[in-house]
Amino acid sequence: MPVNALDVENVSVNHNGVLAVNKISFSVQEGDLLGIVGPNGAGKTTLFRAILGLQSYQGRIKLFGYEGNQYTSLLSMIGYVPQKVNFEPNFPATVYDVVSMGTLSRKKLAKGAALIQSCGCCWNRIFQTSSKDSEKIEEALKIVGLESFKDRRISELSGGEQQRAFIAKALVKEPLLMILDEPVTGVDMDVQNKFYAVLKKINKENKITIVWSSHDLNAISDLATRIACMNRDLFFHGEKEEFFANKDLLKTYSESAMQLHMHKHDM
Amino acid sequence: MQRALLTGIVVAICCSIMGLFLVLKRYSLFGDALSHTAFGGIALGFFLNIYPIWTATVVCVATALGITKLRKSTKISGDAAIAVLFSAGLAMGVLLVSASHGFTIDLFSFLFGSILLTSMQDTLLILAISCGVIVTLIAIRKPLIHFTFDEEQAKVHGIPIEKLNYLFVALAAVTVIATMRLVGILLISALIVLPNITSIMMGKGFKKTIIISISISVIATIAGITTSYYFNLAPSGTIVMLMVAIFVGTLIAKHAGLFSTKTLTDENNLLTVH
């Protein structure tokens with residue numbers, strides 16, 4: 001029986017007196033690629049921050065069925081790529097240095113994997129951590145296509161290349177769940193397409209569960225297995241075909257973006 | 001002289017490693033403010049007739065931890081907290097000095113450094129503190145690098161960032177204590193900042209940057225102590241001026257295109273030397 005990677009139950013977030021997320025509930029099954037859509041200010045980032053333990057909230061969030069202290073210990077199994085990583089521009093780290101930061105929590109990962117296996121989830125991949133960290137780093141760099149950039153300083157890379165480096169950093173943890181918060185916003189089409197190929201690969205081949213927020217409805221319709229649409233409240237959660245067939249959802253999402261999507265698919 | 005060289009080298013290594021993290025976290029002024037608090041601590045030691053390095057250590061570590069807690073709980077901005085710390089430390093020192101009827105030669109030596117005149121007791125204590133800081137920094141290097149790079153991501157990675165932050169500022173405080181005898185309270189921030197902004201400018205990765213920074217510190221310290229010994233100059237000023245010369249030389253070399261990387265965007269923000 002498949003295990004839910006993530007359960008969000010009645011979660012509300014009050015952010016400086018403003019209700020940013022209102023009683024949202026949804027589940028993500030292991031192996032799913034959930035695309036979350038919603039306009040700017042819809043509370044997507046706030047919801048992600050609540051899941052990651054960076055934001056207090058009301059309600060319940062379960063990771064592989066666990067809450068409380070066990071939930072906290074499982075947090076290190078999440079690979080997180082925010083919209084923008086705010087780092088000191090003069091930080092003397094190469095791409096390799098940055099990706100190697102992801103190897104830090106692997107001991108904790110092994111503990112977390114044991115916990116998850118005890119709940120019946122078949123997850124053997126995580127126990128392959130005996131191989132050297134350097135091999136894992138090289139592998140992650142290869143997946144995101146940055147092998148030839150490994151000795152370059154992270155600050156010298158373009159925004160898109162930096163995001164790919166941060167995806168590699170998240171991947172090197174061998175996460176069970178990846179949370180990607182509009183990771184390619186403001187990045188050119190070529191880099192976006194490369195990123196989408198990476199996303200597809202890690203979901204299909206590496207079997208990593210992904211929760212991904214984006215404004216790119218075409219990419220969401222191509223890649224996501226399920227879709228959630230939110231604007232403080234959750235308006236929809238289900239199969240992507242059902243989402244794109246439901247024109248009422250235009251009210252909760254950008255009408256022009258939706259029309260563009262419909263137009264492209266009608267052609 | 002040999003004792004001074006040994007102490008100088010160990011302190012230089014300790015200060016440049018700690019300094020790199022302070023500079024990258026934009027805490028350069030924090031080190032400077034702590035050194036002024038150390039002045040208050042030293043004056044307290046003289047006033048109470050207690051070995052001044054002990055009182056300076058206690059005052060400095062307690063202030064570093066206290067100000068970190070205060071910044072967290074009251075959301076006071078970093079520069080305002082540093083301004084409070086800076087002036088409070090100095091005011092306390094001046095007050096105690098006036099109460100104990102003026103400056104003594106010993107107090108003066110803490111302000112401007114006196115590595116060539118350091119006693120055996122001071123030397124052993126400074127070596128122990130510096131080695132302790134170096135070993136701790138090596139042990140916590142991975143989480144500390146991640147924490148310095150991006151606190152939020154470090155937290156998601158399961159790094160206990162609050163505890164790490166307290167440990168970090170406490171280590172910064174004891175580094176200030178160890179460095180005080182080498183270059184004096186007034187020039188500590190030069191040792192924290194100069195070798196590091198010079199090495200960061202060279203555009204290398206983390207390991208190479210730290211190695212270059214240590215090399216600059218050690219070379220300037222050896223050359224500074226030796227020169228000052230033979231020419232009867234103040235070692236602190238000589239060491240710092242040599243570091244300034246290396247920094248300026250590197251800056252010229254960089255503008256001449258010797259290093260192929262981007263320019264530092266805000267060197268002025270990083271340069272916080274007196």
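Helices (H or I, at least four residues) and strands (E, at least two) are DSSP runs, numbered from the N terminus. The structure is a predicted model, in which local features need pLDDT of at least 70 and side-chain atom pairs count only at pLDDT 80 or more, while totals for chains, interfaces and linings use all residues. Residues are numbered from 1 along each chain as its sequence is written, and chains are lettered from A and ligands numbered from 1 in the order in which they are written.

Gly66(B) is found in helix α3 of chain B, which spans residues 52-74. A residue is termed buried if 20 or more other C-beta atoms lie within 10 Å of its own, exposed if 12 or fewer, and partly exposed in between, with C-beta atoms placed from the backbone. Gly66(B) has 12 C-beta neighbours inside 10 Å and therefore counts as exposed. From Ile197(B), Gly66(B) is separated by 131 residues in sequence and by 28 Å in space, C-alpha to C-alpha.

Chain A contains an open sheet of six strands in the order β5-β6-β7-β3-β8-β9, with mixed pairing; two strands pair if DSSP finds at least two bridges between them. The edges are held by β5 (78-81) and β9 (233-239) of chain A, each with a single partner strand, so one side of each has no neighbour in the sheet. From one strand to the next the twist averages 15 degrees. Strand β6(A), residues 177-181, runs parallel to β5(A) and is joined to it by four bridges. Within this pair, Gly79(A) stands opposite Met178(A).

Helix α1(A), residues 44-51, packs on the sheet and touches β3 (33-37), β6, β7 (209-213) and β8 (226-231) of chain A. Contact here requires C-beta atoms, placed from the backbone, to lie within 7 Å. The direction of α1(A) makes about 150 degrees with that of β6(A); axes are lines fitted to C-alpha atoms, for helices over the stretch in contact, and angles run from 0 to 180 degrees between N-to-C directions. Seven of the eight residues of α1(A) are buried, so this helix is largely enclosed by the rest of the structure. Among the buried residues are Lys44(A), Arg49(A) and Phe48(A). After α1(A) comes Gly53(A), with a positive phi near 80 degrees. Helix α6(A), residues 159-171, lies across β5 and β6 of chain A and runs at about 170 degrees to β5(A).

In chain B, the axes of helices α9 (residues 161-183) and α10 (residues 188-201) come within 8 Å and cross at roughly 100 degrees. The two helices are therefore roughly perpendicular to each other, a term covering angles of 65 to 115 degrees. Val176(B), Thr179(B), Met180(B) and Val183(B) of α9(B) meet Ile188(B), Ala190(B) and Leu191(B) of α10(B).

The largest nonpolar core has 154 residues, such a core being a set of buried Ala, Val, Leu, Ile, Met, Phe, Trp, Tyr and Cys residues joined through C-beta atoms within 7 Å. Helix α1(B), residues 2-24, gives the most to this core, with 14 residues. Ala172(B) is one of the residues with the most contacts inside the core. Leaving aside neighbours within four places in sequence, Ala172(B) is in contact with residues including Met18(B), Phe30(B) and Ala64(B).

The contact between the chains takes 23 residues from chain B and 24 residues from chain A. On the side of chain B that touches chain A, α7(B) gives the most, with five residues.

Definitions and conventions. Two residues are in contact if their C-beta atoms, placed from the backbone, lie within 7 Å. Angles under 35 degrees count as roughly parallel, over 145 as roughly antiparallel, 65 to 115 as roughly perpendicular and the rest as oblique.
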